Amino acid sequence: MSRGSSGIVAGLTAAALVAVGVLAFQASANAPDNLAAPKPKASATATEHAKPKEKSRPAALPAHSGTGKRVVYSLEDRRVWLVDADGKATRTFEVMPSALNPLPGTYQVNTPRSGAPTKGSDGVMIEHVVRFAMVDDVAVGFSAAVDGSMESPDPTLKAGGVRMSRADGNAMWDFALVGTKVVVLP
């Protein structure tokens with residue numbers, strides 16, 4: 001290629017880049033505000049991790065949460081109840097929901113439990129893993145972070161760990177054997 005044609009190609013490239021930049025600016029300036037930050041939609045797998053609803057978190061076992069020995073998990077209240085065979089809540093505590101959540105319904109602790117510290121799907125070291133559901137090919141279960149943290153999960157990760165304190169994790173571990181019912185409420 002001669003010097004003259006190199007200059008023409010460089011000039012055309014520069015002009016094209018300027019044109020693309022101007023068009024991109026015009027598009028962003030004229031875009032509706034509601035396209036700039038889409039709001040997450042409720043689904044069977046995603047949980048909004050904004051502040052919880054503005055009501056006091058109930059300590060009382062929700063009505064219509066099943067019968068017999070069971071774990072009751074309220075997604076909206078971010079709370080778990082351990083309920084004995086007589087229907088009495090023996091313990092209740094707050095949890096941090098996972099990035100993926102099952103639909104409301106009845107499940108069972110369905111896999112051998114893992115008590116030894118291991119790395120969770122979010123990279124956090126966890127213990128006392130009690131799995132009860134699958135969502136998008138990811139196991140969902142209760143666990144406690146070894147460091148005691150209960151951080152909001154990264155919504156970009158496909159993680160199914162419902163986190164609780166270590167003391168509550170110990171109680172869950174002792175209570176929820178394989179086959180124990182887990183009732184998930186909205």
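Author: Two strands are said to pair if DSSP finds at least two bridges between them. The model discussed here is predicted.

Reader: How many bridges join β1 to β2, and do the two run parallel or antiparallel?

Author: β1 and β2 form a hairpin with four residues between them. Within this pair, Arg70 has Val83 as its bridge partner, and Tyr73 stands opposite Val80. The bridges between β1 and β2 number five, and the direction is antiparallel.

Reader: Which residue in the turn of that hairpin has a positive phi?

Author: The turn lies between β1 and β2 and holds four residues. The one with a positive phi, of about 50°, is Arg78.

Reader: Which residue of β9 stands opposite Val72?

Author: β1 is also joined to β9, by five bridges, and these two strands run parallel. In β9, the residue opposite Val72 is Val183.

Reader: Which strands stand at the edges of the open sheet?

Author: The sheet has five strands with mixed pairing, in the order β3-β2-β1-β9-β4. From one strand to the next, the twist averages 20°. An edge strand has a single partner, so one of its sides is left without a neighbour in the sheet; the strands in that position are β3 (89-94) and β4 (105-108).

Reader: How many residues of β1 are buried?

Author: In a regular strand, side chains alternate between the two faces of the sheet. On one side of β1 are Arg70, Val72 and Ser74, on the other Val71 and Tyr73, and all are buried. β1 is therefore largely enclosed by the rest of the structure, its buried residues being five of five.

Reader: How many residues has the largest nonpolar core?

Author: Val71 and Tyr73 are among the residues with the most contacts inside this core. Elements giving two or more residues to the core include β1, β2 (79-83) and α3 (166-175). A second, separate core of five residues includes Trp81, Val83, Val183 and Leu185. The largest core has 26 residues.

Reader: Is Ser65 buried or exposed?

Author: Ser65 lies in the loop between α2 (33-36) and β1 (70-74). Leaving aside its neighbours within four places in sequence, Ser65 is in contact with Arg70, Val72, Val183 and Leu185. The cut-off for burial is under 20% relative accessible area. Because its relative accessibility is 2%, Ser65 counts as buried.

Technical notes
Residues are numbered from 1 along each chain as its sequence is written. This is a predicted model: local features need pLDDT of at least 70, side-chain atom pairs count only at pLDDT 80 or more; totals for chains, interfaces and linings use all residues. Side-chain values use heavy atoms; hydrogens and water are left out. Buried means under 20% relative accessible area, exposed over 50%, partly exposed in between (1.4 Å probe, protein chains only). Contact means heavy atoms within 4.5 Å. A nonpolar core is a set of buried Ala, Val, Leu, Ile, Met, Phe, Trp, Tyr and Cys residues joined through side-chain atoms within 4.5 Å. Axes are lines fitted to C-alpha atoms, for helices over the stretch in contact, and angles run from 0 to 180 degrees between N-to-C directions.
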